[in-house]
Each structure stands twice: as C-alpha cells, then as structure tokens.
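Okay, quick one from me today. Let me put the structure up, and then we'll walk through a few spots.

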Amino acid sequence: MSEQKTIITRFAPSPTGYLHIGGARTALFNWLFARHHGGRFLLRIEDTDRERSTDAAIEAIFEGLRWLGLEWDAEPVFQFSRIERHKEVVEELLAQGKAYRCYTSPEELEEMREKARAEGRPARYDGRWRDRDPSEAPAGVKPVIRFRSPDEGETIVRDHVMGDVRFPNEQFDDLILLRSDGTPTYNLSVVVDDHDMGITHIVRGDDHLTNAGRQSQIYAALGWDIPEFAHVPLIHGPDGAKLSKRHGALGAEAYRDLGYLPEAMRNYLVRLGWSHGDDEIFSTEQAIEWFNLESIGRSPARFDFAKLENLNGHYIREADNERLTDETIALMARLKGWKTDDAFRQKLLGLMPALKERAKTLVELGESVAFLLAQRPLSFDDKAQQLLTEEARALLGRLASRLEADNDWELKKIEATIRTVAEEEGLKLGKVAQPLRAAVTGSTVSPPIFDVLAILGREEALARIRDQAA
C-alpha cells in the first residue's frame, strides 16, 4: 500500500500593501484545509516587485495572519532570494529545447499588437523567434527567454471548485520566463517555488485560473507533478460589484482596530464562499473538522458588515470577561490614548457582564465606559444636554439628597432608592433614570444606570449628580 502524501498548502501574498480581506480568506481556506488533513500550511512572500514591496507591508501581513490565529508551519520563503534557482530552471528548459531566446524588439511587439487589434484578434506574440537560428540574433541585443508553449491540443486544469477547465493551447502565446534583464516572471517563479516547497494543493482566487493553465504547461515541460487546484470566486460588495474600500476591503489590522474578535472574523470569512449545511455559527475546531474544497461555492460571496457585526456580538457575549476587559483596554489605549490603572480595570471588569450583552464590537464596549475616565465637570453630548432641563435638575437635587442618606452604596440598595423616588414623584423609572444617566455619564447611552452608579463609587457618583442638580 502506497504511503499517503502529506497535504501541503501555501499562502503567497505580494507585500505591496496590507493583508486585505480577500487575501485573509484565501489564507484561512489554505490553513483550514491543511489542518483538516493534518498537513502543513506554508507562507511565501512574493517580493520580486522590488519597487513596490516594503518591509512595512511584510510586517502587516505577518501581523494580520497572527491576529487571525493562522500560524504557519515553517520559516516564510522570500521569493526574491530564490532568483538564482528560478534562472537555473530556465537553463534546464533551454537545454531541453522547451524554451528559446527571443530577440523581438519593443517596436516589433507594438507592431504585432496593432495588427492584431486591427484584425480583431487578441494581441499575442507571433512566435517569430521560436524556430529561428540563433545565429540570426541581432548584435548587442539582450534576449528574453520564452517558453515553447504547446501549439496544438488543449490544457486541462482539474479544479476542485470549477471542475475541469479546458484551455485550447492555441490561445496561449509563448510566455516570457526571463526578462531581458535576467529577472524571472511571475508564472515561472510560482511554479518553481511551489514545486520546491512541496505544495500539493493550491487554493487561490479565480482570477488566477488562466495562470493555472500556463503553470500546468510549465510543470508538464519540467516533468513535475502538478498540484491540485481550487480556484475560489472573489468576494463582492453587498451591491454585487467587485469588493472595494467603500465596501470594507480593508486590511486585517483595520478589522482588529474596528473592534472585531479574531474568532468572529474566522467564522465570518469561512462562510464567505464555503458552507456546511445551514450552519452559520461554528467554532474554529468545527471549521477544521468540516472543511473541504468541494463545498466552496462557484458564485462570488457578498461581504455584509451587518452580518459580521451580529456575528461579532455573538462572540463577544460568549467571550471571557477578563479577556474582553484586557482587549478593550489595549484597543482603546491604541485608538484613543487611554491611560488606565488597575482600579479602572476592576471597574470595567465589574461592568462587563452587563456591557457585553448589547455590544457588537470592542470599540462599542470601550466607548460605553469612557465616562469612567471623564474628569469633572463633565462635557455633555447634545441629547444629554437636552435632558437636563430645570425640572430635571430639581429632580436630581431631591434624588441626590435621598442617595446621600444611604450609607450602604450597594447595587440593590441604590436601585431600591431610585425606584422609591420615582414612585414618590409619580414618574416612570425611565423619567428618573435618563436625566440621571445624562448627569453622571454625559451621554444618553450607557450600561444599566444602577451598575454605573455602583461602579463609579459613592463619592464620584454623588459629586457628578450634585454638579447638575438645581
């Protein structure tokens, strides 16, 4: 019985910007597939575009993957460092007659393109140096190296998502493998790197489908095993158009800074284009157990912020209070410059059970307790200001006197006193709670008012009420 081959997948971004959401989903699919099969998930940085590749972008990719919890299983491979290996493979193809030197000038190429346009044909290289004697080469011209693409029959890409995709070989011209300056081209580098890394399955966007045809020909010419392909439809915006920044095509770190939890992002992203029956909410462990390539859909998925927020709200409610407290403080320190101490942390932790029932993001959690850090006299938003009428201020004065009479500053006692005052004043509880909330938080939105007063502490709470009382 033959030994089963270890499944090896890869994520291969170009470091010319952040880890965008489509790239994050591609990485997730590759990671899940490798984990499902007990295989390996590798990372390759395709940094051959030296002008646009930056160290900051490389670090953003690493950081985005780490935040999402997609750990890779070996040191990242940097494509640029492998150029000599790519050239070596081109020399092999030249020696076998499967590649050739092409001396076509830029002017000749432009002439070919114009002629093709005039005749309504796709602009392709016409193969004029394919079988010419190298002795005819013009002096002092550095050639490009072209692949001798098969010109008859068809190339079939067997794809786990798209099925068998057939490319008539006549539609491919002879691909440049090495430019005249000696640098390798994308399709060659990818084939060599994937082969040398032992990649068994390539899961990527369906914008690479034609590349799969080109790359399959190079694999075949080298006598190498062709990896299995799964080309995934791209993510669209809610309006069906290609995903753009206005739809949410942000970097992974931007979603972190918007207050999303990584487990919510993993759950949401895996459901963008993949399904397991009607299951919408499931753990990463379940995703690993269930994930397969055949359940990836053939239609583009639509990104929906409302669904992501609702899902994130679910994960916030499920999350440990200590973790939520620490992550909220860290996020707000980064975004808003919060400076906090352990006393503040304990207050936030005390409020967290009530807070997390309604919040959909960590930013919402943070903003809902910003009043704890406010210094007297408070500033008020417009709605809070409108609530603090003369009548309301007089009510706050009477309420403050009753609360001051209570020596026991404890949640149930605070609630009982406020309910009693509302009853005596002939008011519904909300008519007392709303101006009270405005007075102590500066806003009309906060955690439950009894919790707020208890957490603020007797001295601070009463001082804030007295500041606004008539």
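So, H86: buried or exposed? H86 counts as buried because its relative accessibility is 0%, where buried means under 20% relative accessible area, exposed over 50% and partly exposed in between, with a 1.4 Å probe and protein chains only.

Before I go on, the housekeeping. This is a predicted model, so local features need pLDDT of at least 70 and side-chain atom pairs count only at pLDDT 80 or more, while totals for chains, interfaces and linings use all residues. Residues are numbered from 1 along each chain as its sequence is written, and side-chain values use heavy atoms, with hydrogens and water left out.

Back to H86, which sits in helix α3, residues 83-95. Helices here are DSSP runs of H or I with at least four residues, strands are runs of E with at least two, and both are numbered from the N terminus. The H86 side chain makes a polar contact with the side chain of D193, at 2.9 Å; that term means a pair of N or O atoms within 3.5 Å, where within protein one must be able to donate a hydrogen and the other to accept it, and residues adjacent in sequence count only if both atoms are side-chain atoms.

Now α8, residues 262-270. Nine of its nine residues are buried, so helix α8 is largely enclosed by the rest of the structure. Among them are E263 and R266.

Last stop, strand β10, residues 228-232. Four of its five residues are buried, so β10 is largely enclosed too.
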